[in-house]
2 protein chains.
Amino acid sequence: MSVAAPATAVWIDGKRRSSGDVHISALDRGLTLADGVFETMPAFGGTVFRLDQHLRRLEGALATLGIPSQPMARDWVVDAVRSADVGDASVRLTVTRGAAPGGVAPPSDVRPTVIVSVGPMPAFPSSIYEHGLVAHVASGRRNEHAMTAGLKTLAYTDAVLALIEARRSGADDALFLDTAGHCSEGSSSNLFAWTGDSLLTPPLSCAALPGITRAAVLELAQPLGVHVEECVFGLDVLLEGEEAFLTSSLRGLAPLVRVGGHAIGTGKPGDLTRRFMAAYANLIALECSL
Amino acid sequence: MSVAAPATAVWIDGKRRSSGDVHISALDRGLTLADGVFETMPAFGGTVFRLDQHLRRLEGALATLGIPSQPMARDWVVDAVRSADVGDASVRLTVTRGAAPGGVAPPSDVRPTVIVSVGPMPAFPSSIYEHGLVAHVASGRRNEHAMTAGLKTLAYTDAVLALIEARRSGADDALFLDTAGHCSEGSSSNLFAWTGDSLLTPPLSCAALPGITRAAVLELAQPLGVHVEECVFGLDVLLEGEEAFLTSSLRGLAPLVRVGGHAIGTGKPGDLTRRFMAAYANLIALECSL
């Protein structure tokens, strides 16, 4: 899966930077210690989908890390999307603890850095929606016992390495198990498995991130008449399931049709997955007034 | 423990930056995804202690992450320490995959960013060597099954959060267990426990980082006539031990005298710890020609 590199407009602490001045301090703890959090959000027709949910998750993570709340972030994101004017957009909001020299312990007098970047929506190949994704089971595990479990921190090194491993094996994405061997999530997506009776997704206690798209799928199940359950399950349940899909903010819902050499169900995107994809597209159209 | 913020001189890609120009791209994957690695090294009298061991560890981590080797890094570090001229120094070498917009998957055409920063050695209070450290057992666990286990990546968010938790509980440092409940390491240090017969340190399979100071202690044991063992052990063994100490590149060897409310041995730095501290100081004096 090759995604074109978009031109990106960047705001730092609410000020738009020219392309030659998109810089932060080399001593920023976001860089030196991954001491910060972020959100990646899609915007359609100038409206960020579920911005308030993203901001709530970000604020929760900031509070846990003891980084000051960023009430201006909402306006900065809205203004950035409006003035970037790139059509359907990928928006990233990053908040770090700020620049400080040396040491793991946070100094008390540090001022957070807030970065908003807006680029065109990545050009995901249509084949991933039409034919589905192949996942590789990552050789490393997600840590459901981590200090930062459930927080979308900057510490994505494990996801990067898992994705490199997946691509080397010919897969599109990585699938993580938690340290107990239960299904957890994709490299940057949540997992849903359809057994024929129930739609299952790993609970947060399996180191799954509380995804905004995941929450939308949980909401959509009732109107679709589908029984959905946050439920601990192993790889065997996924592999014996009828369908599966992965959810993330930019890629949305994408069918998962194979794990390594093993087809899920027919090995093709199934009816239930297509119904959720259509309902999710309707939800976006409704909330973004398209 | 309060450590004064040092003035820091910064080189990026081998060029010294003025203090107003210490910047990297806000799109650097080191910031956006913790996609990079680092080393923190002490320099005494202008010589970096065990620079080649640090560079070997860094190069190993770069190879695992698929980031190009940085053969110039050695010269850049040596030149930086020479021209910073700050006396005993703290030196940090950071290598990221470089700046690239969007997405977890690494683009193929990205150029790594190499940052060398040199500041005065942090002023660790003498009390930590004379009276010892108190550790708090972190509520989260180190992941011995992580994709990046054993690599010194930028992903230090868990260590930051553990240290915040430890300081709130009145402790100096955090002690991590691995997901199986075995002793792993400190927030940015390795652990040694003395049972009276053997000096024990957790093996790398317990998510301990292969510390450069840890390796020096393993070397020093034989000349000191001490039986040392990399060995899986639980918190009970540490708490019932006679002595313990933590090792890290900047702080060196520091006695660990209490874990939460529980004293280790007499609750004071012991003879074996002092012998290793003296031997380590001699090793530095020898190798740095002091």
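**Figure 1. Helix α6 of chain B is largely enclosed by the rest of the structure, because seven of its ten residues are buried.** Those buried residues are B:Ile212, B:Thr213, B:Arg214, B:Ala216, B:Val217, B:Leu220 and B:Ala221. Buried here means under 20% relative accessible area, exposed means over 50%, and partly exposed is whatever falls in between (1.4 Å probe, protein chains only). Helices (H or I, at least four residues) and strands (E, at least two) are DSSP runs, numbered from the N terminus. A quick note before going on: this is a predicted model, where local features need pLDDT of at least 70 and side-chain atom pairs count only at pLDDT 80 or more, while totals for chains, interfaces and linings use all residues. Residues are numbered from 1 along each chain as its sequence is written, chains are lettered from A and ligands numbered from 1 in the order in which they are written, and side-chain values use heavy atoms, with hydrogens and water left out.

**Figure 2. The largest nonpolar core, in chain B, has 41 residues.** A nonpolar core is a set of buried Ala, Val, Leu, Ile, Met, Phe, Trp, Tyr and Cys residues joined through side-chain atoms within 4.5 Å. The residues with the most contacts inside this one are B:Leu191, B:Leu199, B:Leu238, B:Phe245, B:Leu256, B:Phe276 and B:Tyr280. Elements that each supply at least two residues include β8 (133-137), β9 (173-177), α6 (212-221) and β15 (252-259) of chain B. Helix α8(B) gives the most, with seven residues. Apart from this core lies another, of 36 residues, with B:Leu58, B:Leu65, B:Ala89 and B:Val95 among them. As a bit of background, nonpolar side chains in soluble globular proteins tend to be buried together.

**Figure 3. A close-up of B:Phe245, one of the residues with the most contacts inside the largest core.** Not counting residues up to four places away in sequence, B:Phe245 touches a list of partners that includes B:Leu191, B:Leu199, B:Val217, B:Leu256 and B:Phe276. Contact means heavy atoms within 4.5 Å. Also on the list are B:Asn190, B:Pro255 and B:Thr273.

**Figure 4. B:Pro42 sits in strand β4 (residues 36-44) of chain B.** With a relative accessible area of 1%, B:Pro42 is buried. Leaving aside neighbours within four places in sequence, its contacts are B:Thr47, B:Val48, B:Phe49, B:Ala89, B:Met121, B:Ser249 and B:Leu250. B:Pro42 and B:Arg251 are 209 residues apart in sequence, yet their C-alpha atoms are 8.9 Å apart.

**Figure 5. B:Leu51 belongs to helix α2 (residues 51-65) of chain B.** This leucine is buried, at 6% relative accessible area. Setting aside residues up to four places away in sequence, B:Leu51 touches B:Met41, B:Arg74, B:Val77 and B:Val78. From B:Leu51 to B:His145 the count is 94 residues in sequence and 28 Å in space, C-alpha to C-alpha.

**Figure 6. A:Ser198 lies in the loop between β11 (190-194) and β12 (199-201) of chain A.**

**Figure 7. A:Glu230 is found in strand β13 (residues 228-230) of chain A.** At 44% relative accessibility, A:Glu230 counts as partly exposed. A:Glu230 touches A:Thr201, A:Pro203, A:Leu204, A:Arg214 and A:Leu218, again not counting residues up to four places away in sequence. A:Leu58 is 172 residues from A:Glu230 in sequence and 22 Å away in space, C-alpha to C-alpha.

**Figure 8. Positive phi at A:Ala34 and at A:Ser289.** A:Ala34 has a phi near 50°, a positive value in a residue other than glycine. A:Ala34 sits in the loop between α1 (29-33) and β4 (36-44) of chain A and counts as buried, at 1% relative accessibility. A:Ser289 is not a glycine either, and has a positive phi of about 50°. This serine is in the segment after α8 (271-287) of chain A and is exposed, with a relative accessible area of 65%.
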